Amino acid sequence: MVEYRIDRRSGVATYVQIVQQTKQALRLGLLEPGDRLPTAREVVEATAINPNTVLKAYRELEREGLVEARRGLGTFVRKSLSTAPADSPLRAELDAWAVRAREAGLGREDVAALFTSVLDTHFAESKGDA
C-alpha cells in the first residue's frame, strides 16, 4: 500500500502531491490493478490533511481512469502505468548515482535540478507528459 508524504513547503497543492505520488507508485509497479488505495481516513491520520483534499485527489485519479471507487469498499487501482519495475537494474544504478551525488555534497534540490535538466535534454520532445 502506498504511504503519502506531504511537503507543505513545496508550493505544490496537497491533492496534486497525492495524485503525483499515486502515479509514481503506479509507474514503479508498487501499485497494481486491484490494489486498494488507503482510505481517506487512513491518509488523514497519517498526514493530518483535510479529508476533502484526499477525496479531491482520488476523484482526479478516477477522472483519469486510473482508479475506481467502489461504494462501501474503497478506492481500487484500475490500470497500471508500470514500465520500469521498482526492482529494475536502472533503479539500482540511479540509487547508486544518488548516493554519489549526496556524498559529493549535493542537496535534494540540487539533485532534482540536475536530474530535471538531464531529463529535459533527453526527453525534450515529450515535455508535458506526466
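Guide: Three elements each supply at least two residues of the lining of the second largest pocket: α3 (51-63), β1 (67-70) and β2 (74-77). Helices here are DSSP runs of H or I with at least four residues, strands are runs of E with at least two, and both are numbered from the N terminus. This is a predicted model, in which local features need pLDDT of at least 70 and side-chain atom pairs count only at pLDDT 80 or more, while totals for chains, interfaces and linings use all residues. Residues are numbered from 1 along each chain as its sequence is written, and side-chain values use heavy atoms, with hydrogens and water left out.

Helix α3 gives the largest share of the lining, four residues. In total 16 residues line the pocket, and Leu55, Tyr58, Ala69, Gly74 and Thr75 lie nearest its centre. A pocket is an open set of points on a 1 Å grid over the protein atoms alone, where a 1.4 Å probe fits and protein lies on both sides within 12 Å along at least five of seven lines; lining residues have an atom within 4 Å of a point. The volume of this pocket is about 230 Å³, counted as the space filled by probe spheres set on the points, which are joined across faces, edges and corners. By type, the lining has seven nonpolar, four polar and five charged residues. Nonpolar covers Ala, Val, Leu, Ile, Met, Phe, Trp, Tyr, Cys and Pro, charged covers Asp, Glu, Lys and Arg, and the others, Gly among them, are polar.

One of the residues nearest the centre is Thr75, which sits in strand β2. Threonine 75 counts as buried because its relative accessibility is 13%; buried means under 20% relative accessible area, exposed over 50%, and partly exposed in between (1.4 Å probe, protein chains only). Beyond its neighbours within four places in sequence, threonine 75 is in contact with Asp35, Arg36, Leu37, Tyr58, Val67, Glu68 and Ala69, where contact means heavy atoms within 4.5 Å.

Arg36 is also in contact with glutamate 42, as is Met1, again leaving aside neighbours within four places in sequence. Glutamate 42 lies in helix α2 and is partly exposed, with a relative accessible area of 32%. Between the C-alpha atoms of glutamate 42 and valine 77 there are 17 Å in space, and the two are 35 residues apart in sequence.

Helix α1 (residues 14-27) has 14 residues and should span 20 Å at 1.5 Å a residue, and its end C-alpha atoms are 20 Å apart, which agrees; the expected span is 1.5 Å times one less than the number of residues. Just after α1, glycine 29 takes a positive phi of about 80°.

Arginine 5, in the segment before α1, is in contact with Gln17 and Gln21, neighbours within four places aside. Arginine 5 is exposed, at 62% relative accessibility. Its C-alpha atom is 8.1 Å from that of isoleucine 18, 13 residues away along the chain.

As for the setting, the protein chain has five helices and two strands, in the order α-α-α-β-β-α-α. Buried residues make up 25% of its 130 residues.
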